[in-house]
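Biologist: I'm new to reading protein models. Could you walk me through this one, feature by feature?

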Amino acid sequence: QVQLVESGGGSVQAGGSLRLSCAASGRTFSRYAMGWFRQAPGKVRDFVARISWSGGRTYYADSVKGRFTISRDNAKKTLYLQMNSLKPEDTAVYYCAAQESIGPTYDYWGQGTQVTVSS
């Protein structure tokens, strides 16, 4: 089992940057594929990015491709999301999640961190 805690959210103007972190507890962080999701007010939670257990494979939603970068440091048990060229439509609560096996579901979730982008 793994527990996840996000940090790094905040308020930024359009065009700015933020880096989110997701700290994991437990000894098996490196076994999990990890993902970032976001949920805007009144909307469903959407996929943002995913990274394989080794960090060798990454996947992005079209809406963030070229602007966001997902990465991980297994030694530090930490997942990152570097967000550049932020837009007001990126405003949402961002969640990290851990996936034990390949498939559509994620098994563990953090509590979320708010990102607000003003125009």
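This is a predicted model: local features need pLDDT of at least 70, side-chain atom pairs count only at pLDDT 80 or more; totals for chains, interfaces and linings use all residues.

Biologist: Okay, what is the strand order in the open sheet?

Modeller: The general idea is that strands of a sheet pair through backbone hydrogen bonds, either parallel or antiparallel. Strands here are DSSP runs (E, at least two residues), numbered from the N terminus, and two of them pair if DSSP finds at least two bridges between them. In this model, four strands make an open sheet in the order β1-β3-β8-β7, with antiparallel pairing. At the edges are β1 (3-7) and β7 (68-73), each pairing on one side only.

Biologist: How many bridges join β1 to β3?

Modeller: Five, and β3 covers residues 18-25. Look for L4, which stands opposite A24 in β3.

Biologist: Which residues form the disulfide?

Modeller: A disulfide is a pair of cysteine sulfur atoms within 2.5 Å. Here C22 and C96 form one, with their sulfur atoms 2.0 Å apart. C22 lies in strand β3 and C96 in strand β9 (residues 92-99), so the link ties together parts that are 74 residues apart in sequence.

Biologist: Is C22 buried or exposed?

Modeller: Buried means under 20% relative accessible area, exposed over 50%, and partly exposed in between (1.4 Å probe, protein chains only). C22 has a relative accessible area of 0%, so it counts as buried. C96 is buried too, at 0%.

Biologist: How many aromatic pairs does the structure hold?

Modeller: Rings of Phe, Tyr and Trp (its six-membered ring) pair if their centres lie within 6.5 Å; planes under 30 degrees apart count as stacked, over 60 as edge-to-face and the rest as tilted. The structure holds five such pairs. One of them is Y32 with Y108, edge-to-face at 5.9 Å centre to centre, with 85° between the planes. Y32 sits in the loop between β3 and β4 (33-39), while Y108 is in strand β10 (residues 108-109), 76 residues apart. Both Y32 and Y108 are buried.

Modeller: F37 and F47 also pair edge-to-face, at 5.8 Å and 75°. F37 is in strand β4 and F47 in strand β5 (residues 45-51), so this pair ties together parts 10 residues apart in sequence. F37 is buried at 10% relative accessibility, whereas F47 is partly exposed at 32%. Ring pairs link F37, F47, Y106 and W109 into a cluster.

Biologist: Over which ring faces does R45 lie?

Modeller: A charge sits over a ring if NZ of Lys or CZ of Arg is within 6 Å of the ring centre and within 35 degrees of the ring normal. R45 has its charged end over the ring of Y95, 5.0 Å from the centre. R45 also lies over the face of W109, at 3.9 Å from the ring centre.

Biologist: And which residue has a positive phi of about 55°?

Modeller: Most residues other than glycine have a negative phi. K77 has that positive value although it is not a glycine, and its place is in the loop between β7 and β8 (78-83). S85 is not a glycine either, yet has a positive phi of about 50°; look for S85 in the loop between β8 and β9. K77 is partly exposed at 27% relative accessibility, and S85 is partly exposed at 41%.

How values were computed:
Residues are numbered from 1 along each chain as its sequence is written. Side-chain values use heavy atoms; hydrogens and water are left out.
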